[in-house]
Amino acid sequence: YTCLMMDGHEVTVVDNFFTGRKRNVEHWIGHENFELINHDVVEPLYIEVDQIYHLASPASPPNYMYNPIKTLKTNTIGTLNMLGLAKRVGARLLLASTSEVYGDPEVHPQNEEYWGHVNPIGPRACYDEGKRVAETMCYAYMKQEGVEVRVARIFNTFGSRMHMNDGRVVSNFILQALQGEPLTVYGTGSQTRAFQYVSDLVNGLVLLMNSNISSPVNLGNPEEHTILEFARLIKSLVGNRSQIQFLPEAQDDPQRRRPDIRKAKMMLGWEPVVPLEEGLNKTIQYFNRELEHQANNQYIPKPKAARMKKGRPRHN
């Protein structure tokens, strides 16, 4: 939204803060071009807009597996609501899809023509299949109702303002290294990922939204690293002597992940430009400041007497 506001657009941020934080946007509150609505996209939304960046969904495995029903609702009902809004007001919608639509891929690198290899009943299915059906919904609305849609398949992204405890590879390793804890690697660490810095992704999203490409487009960094290489790199950048600890492999963890970005290069003129180490150093500095902020603002609540509430248990 910062990028859009700098270009003179009026921006309305809609968030229920399930995984987001007000601290990430509070510096814009009061700006004439900025509005913040505390709203869950699972409920219909009635506003006037020209473009919708539909980014809503928990995106790290611990977050989306913590409440799989909520994740499914956000990606299905939430997407239907955003497409309904786009239809009503004649807006263009960009869906933030994911490389997870490719599952544990049998084709490498992954291009947009690949249909994927996904376990529909595994622990990650709430997110993987949620995003796959969200794409299906976009094209149903495009075909049946003439809604303009854009679909970005986003590969691993990191950067400032990430939640420190979101459980993603980058945040885990940086936080562990800064606190002198062992860096936890699942399996052998030979599985690969390709990481892009957040500013590169934002540029790609804006270019895609304003293009005439309605078919899916990969946005990611084709530079592939093993998880073990990545752990060692962060260890050296932080400059500590943390050990690397190997834990049992996570179920359905993709073994290889690398985007084919020829389509984005050719049709959008886009490719990542921020070097990995530069992006990591910026993120390490941000996490360092966050840890200092936490240390200086520790609040220890007074214990309260336990109270029981009558009524039926709440279900998702």
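This is a predicted model: local features need pLDDT of at least 70, side-chain atom pairs count only at pLDDT 80 or more; totals for chains, interfaces and linings use all residues.
**View 1. Helix 5 packing against helix 7.** Here you can follow helix 5, residues 169-178, as it packs on helix 7, residues 227-238. Their axes lie 9 Å apart, at an angle of about 40°. The two helices are therefore oblique to each other, and helix 5 passes helix 7 in a right-handed crossing. On the helix 5 side, the residues to look for are Val 169, Val 170, Phe 173, Ile 174, Ala 177 and Leu 178. They meet Ile 227, Phe 230, Ala 231, Ile 234 and Val 238 of helix 7. Sorted by class, this contact has 11 nonpolar residues, with no polar and no charged ones.

**View 2. Ser 57 in the loop between strand 3 and helix 2.** The loop holding Ser 57 runs between strand 3 (51-54) and helix 2 (61-66). Ser 57 has a relative accessibility of 16%, so it counts as buried. Its side chain joins that of Asn 75 through a polar contact of 3.1 Å. Leaving aside neighbours within four places in sequence, Ser 57 is also in contact with Thr 71, Thr 74, Tyr 127 and Lys 131, as well as with Asn 75.

View 3. Setting aside neighbours within four places in sequence, Asn 240 is in contact with Ala 177, Gly 180 and Lys 235. For orientation, Glu 129 is 111 residues from Asn 240 in sequence and 39 Å from it in space, C-alpha to C-alpha.

How values were computed: Residues are numbered from 1 along each chain as its sequence is written. Side-chain values use heavy atoms; hydrogens and water are left out. Axes are lines fitted to C-alpha atoms, for helices over the stretch in contact, and angles run from 0 to 180 degrees between N-to-C directions. Helices (H or I, at least four residues) and strands (E, at least two) are DSSP runs, numbered from the N terminus. Angles under 35 degrees count as roughly parallel, over 145 as roughly antiparallel, 65 to 115 as roughly perpendicular and the rest as oblique. A crossing is left-handed if the near helix is turned anticlockwise from the far one by less than a right angle, and right-handed if clockwise. Contact means heavy atoms within 4.5 Å. Ala, Val, Leu, Ile, Met, Phe, Trp, Tyr, Cys and Pro count as nonpolar, Asp, Glu, Lys and Arg as charged, and the others, Gly among them, as polar. Buried means under 20% relative accessible area, exposed over 50%, partly exposed in between (1.4 Å probe, protein chains only). A polar contact is a pair of N or O atoms within 3.5 Å; within protein, one must be able to donate a hydrogen and the other to accept it, and residues adjacent in sequence count only if both atoms are side-chain atoms.
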